[in-house]
Structure formats: structure tokens, C-alpha cells
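I opened my notebook to record what I looked up in this structure. The entries follow the order in which I checked things.

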Amino acid sequence: MARAAGLPMAVAGALLLTLVALAAVAGPWLAPAHPDELSLAESLRPPGPGHPFGTDYFGRDVFSRVLYGARVSLAISLSAQLIALVVGVALGAAAGYFGGWVDGAVMRLVDVVMAFPDLLLAIGIAASLGPGVPSVLLALGLVGWPGLCRLVRGEVLALKERDFIDAARAIGAGDLWILRRHVLPNVAAPILIATTLGVGSRILQEASLSFLGLGVQPPAASWGSMVHHGLRWLSRAPWLVIFPGLAIAVAVLGSNLLGDGLRDILDPRLRD
Amino acid sequence: MGSPLLEVLDLRAEFRTSRGRLPVVDGVSFTLDTGGGLAIVGESGSGKTATALSLMRLLPDPPGRITGGRVLLRGRDLLALPEEALTAVRGRELAMVFQEPATALNPVMSVGEQIAEAVVQHRGVARRRVRPLVLESLDQAGVPEPETYLGSYPHQLSGGLRQRVMIAIALACGPSVLIADEPTTALDVTVQDRLLDLLAYLRHHLGLALLLITHDLGVVARLVDRVAVMYAGQIVETAPVAVFFRGPAHPYSRGLLQAARLEAVGPESRARRGGRPRLEVIGGSVPDLADLPPGCRFAPRCRWAGGGGPCWREVPGLREVGPGHLARCRRPGVGP
């Protein structure tokens with residue numbers, strides 16, 4: 001049953017993400033204008049022909065800026081999630097598999113990081129490193145890994161007790177071999193699901209940091225910074241906030257739908 | 001004769017738990033010659049599986065730990081080897097077949113890949129040249145038309161086939177000793193029968209030494225030529241199969257044999273005799289390893305121990321009661 005519900009969800013999510021990815025990749029060809037091109041004569045035009053999403057105070061085309069923003073937002077959130085993935089899986093697998101003091105040390109670190117609200121920690125890290133893309137990447141990566149780490153550790157812990165791990169050792173496999181060939185492939189499904197869902201959180205967090213002025217710096221635009229700059233004109237030109245906001249919503253919804261759909265499809269209890 | 005292939009001397013292992021250190025393997029010794037067959041028989045919790053795992057140093061640690069003894073394979077002490085050297089022995093010299101084939105195979109790896117693992121690790125064969133070796137071991141394990149199963153995943157196979165795949169993995173590197181831990185317990189009776197035939201065939205045709213761990217005395221006579229009975233972590237009796245079945249010396253062994261016969265006689269014939277079992281069952285249960293009796297560990301369940309006699313005070317040693325026949329009993333062979 002859940003499997004049947006999962007497929008359309010996953011397809012819808014994948015379509016939304018494809019839309020966003022297309023905007024990011026094909027942005028330069030689709031955009032009617034250069035995103036940084038000023039044209040004060042066309043300041044704060046509402047959406048209409050020539051400017052489908054309207055223009056901002058400097059007369060820049062909002063549609064073009066949203067397309068370019070997709071590039072920035074996706075690149076940052078995907079890279080941050082990749083950092084979280086590598087760190088989380090490596091530490092989680094080590095903690096679960098080796099146990100003992102390794103487990104103790106890693107899990108205490110996880111506890112410490114998780115004791116802070118995600119966004120607050122990200123703001124703290126980004127603020128202390130100074131605004132800019134590298135600090136956002138680091139902040140989001142550091143915020144993202146503990147969840148994955150806990151998940152992987154739990155799965156590995158359960159997996160370690162399975163007979164086939166002993167059987168692998170009985171034919172002379174070493175620890176790294178067992179981790180790589182027997183443990184990780186068996187945790188692939190939950191990792192995939194968590195990573196997909198994580199991308200959604202990363203997009204949102206990147207937008208939040210940029211909104212607070214800690215992300216990419218002008219004139220480059222990410223969706224979050226566009227909302228930030230548009231806020232001032234909210235009553236006169238709501239399109240400055242609405243369209244980048246919609247873009248954020250579409251991207252987050254896409255990754256959440258895909259993640260939830262994958263969860264239903266990959267649920268081992270439904271596998272034949 | 002020369003020195004034996006596998007010689008286990010005074011092997012000791014314990015589980016460290018909140019209730020203290022439990023001596024799950026307590027001074028176990030035996031030998032296995034090339035092509036020989038030994039069965040370790042005992043109830044659940046008697047330490048037979050812990051003994052097998054200790055041989056390969058696979059006892060889960062924690063809570064398990066090997067605390068003493070020697071495991072000599074061709075004269076080399078496995079317990080003294082560094083972990084890296086041990087991986088070269090596992091699979092290559094000593095192979096193991098597990099009780100539950102459904103869980104001892106990796107669910108996300110095809111049968112062919114899993115057998116190839118062993119070959120690639122030990123024989124240093126390139127992955128693309130592995131196929132014939134994989135097919136050969138599947139064939140040896142009695143899998144019909146091996147090619148059709150190479151791409152199969154464990155959940156697609158029947159229990160009997162899975163166990164044959166396990167055996168194929170074990171055989172893939174041409175080991176000299178095969179440790180089979182209750183290899184047929186999880187299988188249908190008809191499948192059990194064919195698998196036992198296979199193990200007997202492998203022993204006799206490949207010259208594989210077989211260490212069989214079982215609680216089923218019925219399979220013992222078919223597969224091995226020596227029996228060791230374990231009770232509460234110790235070997236209480238060891239004898240050639242023929243001698244053992246003719247005249248077990250330890251009261252526990254006699255109880256086991258009688259319980260096995262009772263099973264064979266079945267409930268109908270019991271009913272015919274007026275509802276009273278003609279044969280004995282062993283009363284009581286295995287002693288708590290955390291709280292062992294001071295004397296013979298079997299004394300509390302033994303009809304011949306007497307109340308408070310020497311059986312209750314002194315730990316009996318293994319004594320020779322016949323050629324190649326040892327028993328851990330002060331009064332071997334008493335009773336009916």
C-alpha cells in the first residue's frame with residue numbers, strides 16, 4: 001500500500017527538483033537579462049511582459065535573479081549536504097562498528113552539536129567565520145552531520161549482530177572490507193532517504209543564513225538574500241519576496257516529497 | 001601418525017557479564033586429524049558454539065574473551081597470532097558453516113559475488129577470473145546448475161540451497177578444516193538428510209576435517225568418528241563413535257542417548273505402555289554458569305551422585321575408562 005503511495009510522491013518530488021536543477025543549469029540561456037544588469041528607469045516594475053517576475057529597486061530582472069539564485073542555492077546546499085554525508089557516515093559507521101571508546105567519543109560529540117538548535121549553531125559558526133560562501137558551507141555541513149551520524153550508527157549497530165558479518169569474518173575479511181562490502185551497502189537505503197530529506201533542510205538553512213545577511217554577498221544573489229533585500233519593499237513590491245520565496249518552497253517541497261517517497265518505496269518491510 | 005592437523009589444548013573462554021565472569025568454555029581439549037571427524041554434542045548453553053567461535057577467534061568481544069589455552073593448527077598457535085595473520089587463516093584453513101543460512105548470507109549481495117569474496121581475498125585471483133572457481137565450489141556443494149544461481153539473491157533461494165551456498169563459500173578457498181555449527185538445525189528433515197550426505201561426501205572425497213557442532217545425536221553417527229560431549233563449558237566425555245553409542249560412561253551422556261531414543265520411540269509406543277515412558281529423561285536443567293556447584297557440575301541432576309558425597313565436593317577430572325575413551329566422572333558406567 002505504502003509502496004503504491006510512495007511512487008507518485010517520489011516522482012512529483014523528482015519533477016520539482018528537476019525543475020529547480022534545470023533553472024540552475026540552463027539559467028544563462030533562459031534568463032531574459034543578466035541578473036546584475038541595472039536599469040534604474042525600470043525600478044520596481046510589477047510582473048508583466050518583459051519581466052515575468054517584475055524588477056527590483058535597481059531595475060534588475062527578478063526572474064533572471066531567481067534563475068541564477070537557483071544555481072547558488074543548490075550548489076551551496078548540495079555541497080553542504082555532501083560534507084554532512086561524508087562526515088556523518090564515516091563517523092557513524094566507525095562508532096557503530098567499532099563501539100567502545102570510538103563510539104563514546106563520537107556520540108558525545110554528536111550530543112554536544114545536537115544540543116544547539118540547528119539554525120542557531122549555523123548562525124554562530126557563520127557569524128564567527130565572517131559572511132561568505134565558505135563559512136556557510138562549513139556551518140551547514142557541521143549542522144547536518146550529527147543526524148546522519150546517529151542514523152548510520154544505529155543501523156550499523158543492528159547490522160553488526162547479523163550472522164553474515166560473522167560469516168564474512170570467518171572467511172577472513174578484515175574490518176575495512178566488511179564495512180565497505182557488507183555494512184555500508186546494507187545501510188544505503190536509509191542513507192539515501194536521509195540525504196534527500198537533508199538537502200531540503202540545507203536549502204532552507206542556506207536561505208535563512210542568506211536572509212540574515214550571512215550568506216552570499218551582493219551583487220551575487222541567492223534566494224534567501226533576495227528575500228532579505230526585498231523585505232524593505234514588501235508593501236510596494238511584494239513580488240520581490242514572493243518569487244524567491246516560492247522558489248525556496250518548491251525546492252524544499254521537492255526534496256521532501258522525493259525523500260518521503262523513497263522511504264516508502266525502499267521500506268524493507270514492503271520489499272518482496 | 002605425525003602431529004594432528006588441529007590440536008586444541010585447555011581452551012578457556014568466558015563471558016563477562018553483570019553477574020560475573022561466566023566460564024563458557026572451561027578447559028576444552030581435543031584433536032582433529034586430516035580428514036577426521038569430531039562432533040561436539042551438548043545442550044543449548046553447554047558451550048559448544050562458544051568453543052567453535054573461540055577456535056576462529058570470532059567470539060564476540062565484549063562480552064566474550066578467550067582467557068587461556070592453545071589452538072594449534074599444523075603446530076601454529078592461532079591464539080598467539082596477530083589479527084592480520086589470522087585473516088589469512090580464516091577461510092583459507094579453517095572455514096565455518098553457520099546454523100542459520102537465512103541470516104548468514106548478505107541480503108544485498110548476489111550469491112556469485114559472495115562466493116567470489118572469499119576467493120578474491122585469499123587466492124589473489126583477479127575478479128574476472130573468479131567465475132570458474134565460484135562455479136566449481138557451488139558444484140562441490142551440490143548446487144544443481146550453478147550458473148543459474150550466480151545472480152540470485154539469498155531471499156530468492158530455499159533454505160536448503162542457502163545452506164549449500166554457505167557451504168560453497170566455505171569450500172571456495174579449499175580449507176582443511178570445516179566447522180559446521182548446527183548446519184541442519186534450521187532445515188526441513190528431508191533437506192537435512194541430503195545435506196548430511198553432502199557433508200559426509202565432502203569429508204571423504206575432499207579429505208576435509210569436519211568439526212560438527214550439534215545437539216542431535218542422530219547426525220553424529222553418520223558424519224564423524226569421534227564424539228565429545230560438553231556440559232556446562234566442559235567436555236564430560238569423549239570417545240570413538242562406536243564405543244560411545246555402545247557404552248557411554250558418563251551419566252549425562254547416557255541420559256542424552258536415552259533421551260534421543262525416547263524421541264525415536266515416539267509418543268504412541270509410550271502410550272501403549274500405559275502412559276509411562278519406558279526410557280529416562282534427564283531431570284533438572286543446565287547449571288547456572290555464574291553459580292556452579294562446587295563438585296561435579298552434573299551432580300545436582302545425577303541419580304548416582306548421592307547426597308553430599310565426594311561427587312558434590314570434588315571436581316572430577318577426565319579419566320580414561322577405555323582405549324581413547326575419557327569421562328569426567330568418579331563413577332563411570334554406574335547404573336543400568
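**Entry 1: chain A**
I note before anything else that this is a predicted model. I looked up the secondary structure of chain A and found nine helices and zero strands. Written along the sequence, the pattern is α-α-α-α-α-α-α-α-α. I then checked the extent of the C-alpha trace of chain A, which spans about 75 × 45 × 30 Å along its principal axes. Chain A has 272 residues, and 47% of them are buried. I also looked at contacts in chain A between residues at least 6 apart in sequence; 72% of these join residues at least 24 apart.

**Entry 2: where chain A touches chain B**
How many residues does each chain bring to the contact? I found 15 residues from chain A and 21 residues from chain B. On the chain A side, helix H6 (163–170) and helix H7 (175–211) each supply at least two residues. H6(A) gives the most to this side, with six residues. I sorted the chain A side by class and got six nonpolar, four polar and five charged residues.

**Entry 3: the nonpolar cores**
I wrote down a general point first: in soluble globular proteins, nonpolar side chains tend to be buried together. In this model, the largest nonpolar core has 102 residues. Which residues have the most contacts inside this core? They are Ile115(B), Ala168(B), Leu210(B) and Val229(B). Helix H5 of chain B, residues 159–171, provides the largest share of this core, eight residues. A second, separate core has 69 residues, including Leu85(A), Ala95(A), Val106(A) and Ala221(A).

I went back to Ile115(B) and listed its neighbours, leaving out residues up to four places away in sequence. Ile115(B) touches Val134(B), Ser137(B), Leu138(B), Ala168(B), Ile169(B) and Ala172(B).

**Entry 4: H3 and H4 of chain B**
I looked up how helix H3 (residues 111–123) and helix H4 (residues 131–140) of chain B are placed. Their axes come within 9 Å and cross at roughly 105°. Angles of 65 to 115 degrees count as roughly perpendicular, so H3(B) is roughly perpendicular to H4(B). From H3(B), the contact is made by Gly112(B), Ile115(B), Ala116(B) and Val119(B). From H4(B), Leu133(B), Val134(B), Ser137(B) and Leu138(B) take part.

Methods
Residues numbered from 1 in each chain as written. Chains lettered and ligands numbered in written order. Predicted model: local features only at pLDDT ≥ 70, side-chain atom pairs only at ≥ 80, totals over all residues. Helix = DSSP H or I, 4+ residues; strand = E, 2+ residues; numbered from the N terminus. Buried ≥ 20, exposed ≤ 12 C-beta atoms within 10 Å, placed from the backbone. Contact = placed C-beta atoms within 7 Å. Nonpolar A, V, L, I, M, F, W, Y, C, P; charged D, E, K, R; others polar. Core = buried A, V, L, I, M, F, W, Y, C linked by C-beta atoms within 7 Å. Axes fitted to C-alpha atoms, helices over the stretch in contact; angles between N-to-C directions. Parallel < 35°, antiparallel > 145°, perpendicular 65-115°, else oblique.
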